[in-house]
Amino acid sequence: MQEAYRPFYSHNLGHDVEMLVFGDLGYPIVLFPTSMGRYYEAKDFKLLEAVQWFADTHKFKFYCIDGVDRHTWYGKHLHPAERVQNHIRYDQMVSQELVPMLQQECHVDKIGVAGCSFGGYHAMNFAFRHPDQVAHLLTMGAAFDIRQFLDGYYDENVYYNNPPDFMPNAENEHFHRMNIVLGTAEHDFCKGSNFQMSDILHRKGIRHWLDVDPFGTHDWPVWREMFPRYLSQL
């Protein structure tokens, strides 16, 4: 599987963003890291090894983007309002800089996004904030309510970055064109969040797949089994 280190400068963030790219051709999938994870995490935990066939056969090209959680949701040294603003700049980096790059590079109108655990939050929040840019959303072992990180602070920016809050009122035709997978496991402590989000989507008539592994927990071996299974359905 071809691998390339591809950092790029972000005007929204004001610094370089590190990224690993796996595969040389194929439909683009942006893979977000877990809590405070780095761009090489998916490689280290062999998630990319589990989907190597899809890269080698030019079906998908995987873009493992770096995270900024230390300055956003996990940045306890910052006021919650500043944490949210930093996340908004990260969201703008993906929407205004990374996605146009991938649209041009891969000749697509929309991309796919995916993530395990907290990376699943990032994938969902981005997809539902920018449904015109995302065709496929794959989450594995994720929770989606961000309020637990903000010490009781709440404002409009929190609302619009918290899918359980903004999705019940959101309307966009692109929601109904998106392939959405909520992957969880019977013994995953995030299971309830997936059932909650599935209920919200059901109420809105948004097609999706809630997949519950009957034996799994919140861990990489489960996600390594899920990811290729979900990609095979696209």
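Start by selecting His-174: at 16% relative accessibility, this residue counts as buried (buried means under 20% relative accessible area, exposed over 50%, and partly exposed in between, with a 1.4 Å probe and protein chains only). You are looking at a predicted model, in which local features need pLDDT of at least 70 and side-chain atom pairs count only at pLDDT 80 or more, while totals for chains, interfaces and linings use all residues. Residues are numbered from 1 along each chain as its sequence is written, and side-chain values use heavy atoms, with hydrogens and water left out.

**Around His-174**

His-174 sits in the loop between α7 (163–166) and β9. Helices (H or I, at least four residues) and strands (E, at least two) are DSSP runs, numbered from the N terminus. Now show the surroundings: leaving aside neighbours within four places in sequence, His-174 is in contact with Lys-110, Pro-131 and Asp-132, where contact means heavy atoms within 4.5 Å.

Next, select Asn-162, in the loop between α6 (156–159) and α7. Asn-162 is buried, with a relative accessible area of 0%. Not counting residues up to four places away in sequence, Asn-162 touches Asn-125, Phe-144, Asp-145, Ile-146 and Arg-147. If you draw a distance from the C-alpha atom of Asn-162 to that of Gly-216, 54 residues apart along the chain, expect 26 Å.

**The sheet**

Switch to a cartoon view and colour the strands. Eight of them form an open sheet with mixed pairing, in the order β1-β4-β6-β5-β7-β8-β9-β10; two strands pair if DSSP finds at least two bridges between them. At the edges stand β1 (3–5) and β10 (209–213), each with a single partner strand, so one side of each is left without a neighbour in the sheet. On average, neighbouring strands of this sheet are turned by 15° against each other, direction ignored. Axes here are lines fitted to C-alpha atoms, for helices over the stretch in contact, and angles run from 0 to 180 degrees between N-to-C directions.

Pick β6 (60–65) next. Six of its six residues are buried. Which residues of β6 point one way, and which the other? Phe-60, Phe-62 and Cys-64 take one side, and Lys-61, Tyr-63 and Ile-65 the other.

- β4 (residues 19–22) pairs with β6 in the antiparallel sense over four bridges, and Phe-22 has Phe-62 as its bridge partner in β6.
- β5 pairs with β6 in the parallel sense over five bridges, and Val-30 has Tyr-63 as its bridge partner in β6.

Move along to β9 (residues 179–185), which runs parallel to β10 and is joined to it by five bridges.

Helix α5 (residues 118–129) lies across β5 (27–32), β7 (111–116), β8 (134–140) and β9, running at about 150° to β7. In the loop between β7 and α5 you will find Ser-117. Its phi is near 55°, a positive value in a residue other than glycine, and at 14% relative accessibility Ser-117 counts as buried.

Then go to helix α9 (residues 220–231): at 1.5 Å a residue, its twelve residues should span 16 Å, and the end C-alpha atoms are 17 Å apart, which agrees. The expected span is 1.5 Å times one less than the number of residues. Among the buried residues of α9 are Trp-220, Trp-223, Phe-227 and Tyr-230.

How much volume does the largest pocket have? About 290 Å³. Of the 20 residues that line this pocket, Leu-13, His-15, Gly-67, Val-68 and His-71 are the closest to its centre. α4 gives the most to the lining, with four residues.

The whole structure holds two cavities of 30 Å³ or more. About 80 Å³ of space lies in the largest cavity, and of its 14 lining residues, Leu-31, Phe-32, Pro-33, Glu-41 and Ala-42 lie nearest the centre.

On a 1 Å grid over the protein atoms alone, a cavity is a set of points where a 1.4 Å probe fits but cannot get out, and a pocket is an open set with protein on both sides within 12 Å along at least five of seven lines; lining residues have an atom within 4 Å of a point. Grid points are joined across faces, edges and corners, and a volume is the space filled by probe spheres set on the points.
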